[in-house]
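Hello,

Here is the structure I promised to hand over. Please open it beside this email and follow along.

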Amino acid sequence: MTDHRSPQETVIACISNSVSFMLGRGARAAMREAGKKASWEIWPDLPEQVPFEEAASVMREGVASLKGFGDFSLVQQCEDGSYDIEFTNCGFAQYVTQSGQPCGEQAICFFGFGLVEETMRRLMGQKVEVKLITRDDACSVCREKAIPR
Amino acid sequence: MRADMLNSILTELNGTSADIEASGVISTDGLMMAAQLPAGMDEDRVGAMSAAMLSLGDRTAQELARGSLEQVLIKGQKGYVLMTHAGNEAVVTVLAKPNAKLGLIFLDVKRAAENISSLI
């Protein structure tokens, strides 16, 4: 079978799978923490206490600037206080075969959740937990929710 | 509501022994569900550490043929960290003083973990 992944993608898959092997479900916690740290490393200077629209714009442009990680959209704030998120062409979706885990349950997915959680906290001052709600493989869209906690 | 009940169990646990300095209930994904922690301690960091350590303990016990994991105990110069499962979805973490009587604490933590497990 031919592997079409780039060397970088192979490295990411190997790291994620090894951490998952060693830590089991605890890999999610480790990856979430890594995502939170990455928020500060990637975007050291973010505005604070910004309204929803500005946060959505900053995050969309920020993720786009990473190139290759997909298109992030903070869609709306719901009446219950949660936020709808759509992530199209998520770069981590390609690892599901090797990880043996569906989207939203791979350890590497929790890196993304941690990244979004920390970035939203920094931008809007709100602690949230991000969860995958549905994955639409046909459209390559992960629909997620950021739930205040 | 559930957080209040979890906090109530933790308050009771902390009250069972003067040797217990802090405690928390953490989801296996590493998110803090309830905590009685000292001021200045980062809840998120404690949560991530606890979930990761307990999972590593699970894996180690499994790989080294030690059977199902019962607890993870860490001893430092300034005291103990004790972690145990509370059902399949949560971890109980307790910080205790260096001269703590561990036998009693093990019993109290086990009882608290059972109560927490029934709530989650």
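First, a term. A cavity is a set of grid points where a 1.4 Å probe fits but cannot get out, and its lining residues have an atom within 4 Å of a point. Please keep in mind that this is a predicted model.

Cavities

The count comes to two cavities of 30 Å³ or more. The largest cavity has a volume of about 40 Å³. Its lining consists of K36(A), E117(A), E118(A), R121(A), K127(A), V128(A), R149(A) and D44(B). Helix α5(A) provides the largest share of that lining, three residues. What classes do the lining residues of the largest cavity fall into? Seven are charged, one is nonpolar and no polar residue takes part.

The second largest cavity holds about 30 Å³ of space. From chain A, its lining has A29(A), R32(A), E33(A) and K36(A). From chain B come D29(B), G30(B), D44(B) and A48(B). At least two lining residues each are supplied by α2 of chain A and α2 (43-63) of chain B. The most come from α2(A), with four residues. By class, this lining divides into five charged, two nonpolar and one polar.

The largest pocket

Next, the open space. The largest pocket has a volume of about 420 Å³. Its lining has 15 residues. Nearest its centre lie E129(A), R2(B), S27(B), L31(B) and M33(B). Three strands each supply at least two lining residues: β3 (128-136) and β4 (141-148) of chain A, and β2 (32-36) of chain B. The lining has seven charged, six nonpolar and two polar residues.

Nonpolar cores

The largest nonpolar core has 36 residues. Which of them touch the most other members? They are F72(A), L74(A), Y83(A) and M120(A). Elements of chain A that give two or more residues to this core include α1 (7-23), α2 (26-42), α3 (52-66), β1 (71-77) and β2 (83-88). α5(A) gives the most, with ten residues.

Take a look at Y83(A). Leaving aside neighbours within four places in sequence, Y83(A) is in contact with residues that include F52(A), L74(A), M120(A), M124(A) and V128(A). Y83(A) also contacts Q76(A), Q77(A) and Q126(A), as well as E144(A), K145(A) and A146(A).

There is a second, separate core of 21 residues. Among them are V25(B), A90(B), V109(B) and I116(B). In soluble globular proteins, nonpolar side chains tend to be buried together.

Strands of chain B

Strand β4 (residues 79-85) of chain B is mostly covered, with five of its seven residues buried. Strand β3 (residues 72-76) of chain B runs antiparallel to β4(B), and five bridges join them. V72(B) has M83(B) as its bridge partner. A hairpin of two residues joins β3(B) to β4(B).

Strand β5 (residues 90-96) of chain B is also antiparallel to β4(B), with six bridges between them. Here V81(B) stands opposite L95(B). β4(B) and β5(B) form a hairpin with four residues between them. In that turn, G87(B) has a positive phi of about 75°.

A charged residue in a helix

Last, D108(B). It sits in helix α3 (residues 102-119) of chain B. Is D108(B) buried or exposed? Its relative accessible area is 14%, under the 20% cut-off, so D108(B) counts as buried. Beyond its neighbours within four places in sequence, D108(B) is in contact with L13(B) and T16(B).

Best wishes

Conventions. Residues numbered from 1 in each chain as written. Chains lettered and ligands numbered in written order. Predicted model: local features only at pLDDT ≥ 70, side-chain atom pairs only at ≥ 80, totals over all residues. Heavy atoms only, no water. 1 Å grid on protein atoms, 1.4 Å probe; cavity = no way out; pocket = protein on both sides within 12 Å on 5 of 7 lines; lining within 4 Å. Points joined across faces, edges and corners; volume = space filled by probe spheres on them. Nonpolar A, V, L, I, M, F, W, Y, C, P; charged D, E, K, R; others polar. Core = buried A, V, L, I, M, F, W, Y, C linked by side-chain atoms within 4.5 Å. Buried < 20%, exposed > 50% of the residue type's maximum accessible area, 1.4 Å probe, protein only. Contact = heavy atoms within 4.5 Å. Pairing = 2+ DSSP bridges.
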